[in-house]
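Here is a short report for a first look at this protein. Keep the structure in view while reading.

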Amino acid sequence: MEKKTFYITTPIYYPSDKLHIGHTYCTVATDAIARYKRMRGYEVMFLTGTDEHGQKIEEKAKAAGITPQQFVDRIVTGDKGVLDLWKLMNISNDRFIRTTDDYHVQSIQRIFKKMYEKGDIYKGAYKGKYCTPCESFWTESQLVNGRCPDCGREVHDAEEEAYFFRLSKYAKPVQELLESGTFLEPASRVNEMINNFIKPGLEDLCVSRTSFTWGVPVDFDPGHVVYVWVDALFNYCTALGLFNDKYHDFDKFWPADVHIVGKEIVRFHSIIWPAMLMSMELPLPKKVYGHGWLVIDGGKMSKSKGNVVDPYLLAGMFGVDALRFFLLRTFPFGSDGNFSNELLISTINTDLANDLGNLVSRTTAMVEKYFGGQLPAEQMSADPDSELEQLMADTAAAYAAEMDAFQLHLALEAVFRLIQRANKYIDETAPWALAKDESNKPRLAAVLYHLVEALRNALTMLTPFIPESCDKAFAQIGAEPADRTWEKAGRFGVLPRTVSVRKGETLFPRIDAAKAIAELEELERRAKGPQVKVEPVLPAVTIDEFAKNDMRVCKVLDCTAVKKSKKLLCFSLDDGSGTPRQILSGIHEFYEPETLIGKTVVAIVNLPPRKMMGLDSNGMLLSAVREVDGKEELHLLTLPDDVPAGSRLA
């Protein structure tokens, strides 16, 4: 029989220099689906990667003083880069694509030219609004309060020679595709796409840029680079070998079974992407699934908002599997989920420590205590526990239905109903009471066997979510690899009646919430660096009032400590007048006097003279004062040495 294939993708990520837990959400979910499909016997192609072209990367690289290629290399392959994060989170992707890969660039040039030769790409001039962070073009009517409707940032006017894709030509077939009810999920995304983008009139899409150079060159028109979303979307095909010799499995895996994407890029995947595939006369993906965001206090996680959550910190404290589980157990996959450390700890304690961990620990401990670690088949009663046995079968069926519908949280809900019922079964059957009478040993053995089988079933279905923990638990209950297959999920009686178990380490220790929150907050504080207290802005002054301050550039001729003072330094300054100026400043706590001689500083020179420790002070040196972690810091304002003494600040 021909092997079934399943092609699943995450969007290729812009290589941010600050990866957060939101970046992992989509990929962990996709990984769980891919692992489930492999368990079901599919030959899976799971693709992820990085989107490395575009104006914002060119600008960030320039600001960092490096080339764009160096910038993306550092973030993708460097310490704690994208590849490191995927390794940390145990992502089982089969292929990783970078849009700077030579084979991909070659394919994109061929694809762009093919659409041009067909007449679906034409040359014109673009004039409109552009959001650089989102790499998105917008019409005036699509803006929200004059800002980008996706990220809320400011847009800017863009005007340049450009090529356009005839997106309007495909408005009707794209709308029919969306209305089919199977292509885009959840259904709420369909209404949003049709009402917000198609019905107002689908305009042709600008698909090349000339105002920057970091992108795939249009090989038949130098000076143009391909719009980043054309470049990015076709990665799903080029990574399989479309128009390149790198890979040769396009016919095997295309069309994609599902693109898992965040809701902010559903427009690109459900409107622009199918339109371009129609132009190329290629089969359309079977489904696009737009999941929600992880939010904090109602707002999307964002480096610019300062509300990012570090996955390395969380994984280090609570474990990778606990973090994976929390992301997929707690939030409905199609909706936004409000992240908090308190919710994370509560989920770990309730589901993993109390329910799953407790069931593994109690079951293995009782088998060891009452039977020396091996159940005796010859003493096991045939008393049926039909309710628990039926629940194992029902759970597998419910789990499969929810997983196939990408309702990951509901699949986990089904598994935990089985786990919770097994824990209740312990209380109902009271093995400790049965163990008091030797005549009850056959019944006791049957009870414990039912518990081990319930665990085997639950762990099989949890494997796509917490694979490393399941491996440890399988070893404790004596389940071999052949016992963990999908074909044996939902069945009772798979493990040998004489199965051997061993009580191992606690899989998920219970967390002291208050202690963990305090420790996590301290780690997050350290990771953010010194916390600077910003003073409120003082009341406004007029320009005339400000101009009364005579601020002059001065050279430090000499600097000595003032006797009997811990704070004061006495400066002799060249202010350009030909007569040295003496100013006292209370900065000895922050500077040694000999280190300041020869510095170029700034002083207000028209303040009234005043006595300090019996010495005249004729002015005030300018310094920056800030509070860092509750302690005041002072930094003397200095200028380059080539600024001449006596220059006035204006």
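## An open sheet

Two strands pair if DSSP finds at least two bridges between them. On that basis, this predicted model has an open sheet of 5 strands. The order is S19-S18-S17-S20-S23, and the pairing is antiparallel.

Strands S19 (581-585) and S23 (620-621) are the edges. Each of these two pairs on one side only. S19 pairs with strand S18 (residues 569-574) in the antiparallel sense, over 5 bridges. Look for Leu573: its bridge partner in S19 is Arg581.

## Overall build

The protein holds 21 helices and 25 strands. Its radius of gyration is 33 Å, whereas a compact globule of 650 residues would have one near 26 Å. Along the principal axes, the C-alpha atoms fill a box of roughly 110 × 75 × 40 Å.

## Helices H15 and H18

Two packed helices are described by the angle between their axes and the distance between the axes. Helix H15 covers residues 386-404, and helix H18 covers residues 441-462. They pack at an angle of about 0°, with axes 10 Å apart. Angles under 35 degrees count as roughly parallel, and H15 and H18 are therefore roughly parallel to each other.

From H15, the residues in this contact are Leu388, Glu389, Met392, Thr395, Ala396 and Tyr399. They meet His450, Glu453, Ala454, Asn457 and Met461 in H18. By class, the contact has 6 nonpolar, 3 polar and 2 charged residues.

## Helices H1 and H13

Helix H1 (residues 21-39) and helix H13 (residues 320-330) cross at roughly 90°. Their axes come within 10 Å.

H1 brings Ile21, Thr24, Tyr25, Val28, Ala29, Asp31, Ala32 and Arg35 to the contact. H13 meets them with Leu323, Arg324, Leu327 and Leu328. Here the classes are 8 nonpolar, 1 polar and 3 charged residues.

## Confidence

The average pLDDT for the protein is 91. Of the residues, 96% score at least 70.

Where does pLDDT stay under 50? That stretch is residues 303-307. The model has 10 contacts for these residues beyond four places in sequence. Where pLDDT is low, the predicted coordinates should not be read in detail.

Conventions
Residues are numbered from 1 along each chain as its sequence is written. This is a predicted model: local features need pLDDT of at least 70, side-chain atom pairs count only at pLDDT 80 or more; totals for chains, interfaces and linings use all residues. Side-chain values use heavy atoms; hydrogens and water are left out. pLDDT is the predictor's confidence in each residue, from 0 to 100. Contact means heavy atoms within 4.5 Å. Axes are lines fitted to C-alpha atoms, for helices over the stretch in contact, and angles run from 0 to 180 degrees between N-to-C directions. Helices (H or I, at least four residues) and strands (E, at least two) are DSSP runs, numbered from the N terminus. Angles under 35 degrees count as roughly parallel, over 145 as roughly antiparallel, 65 to 115 as roughly perpendicular and the rest as oblique. Ala, Val, Leu, Ile, Met, Phe, Trp, Tyr, Cys and Pro count as nonpolar, Asp, Glu, Lys and Arg as charged, and the others, Gly among them, as polar. The radius of gyration is taken over C-alpha atoms; the globule rule is 2.2 Å times the number of residues to the power 0.38.
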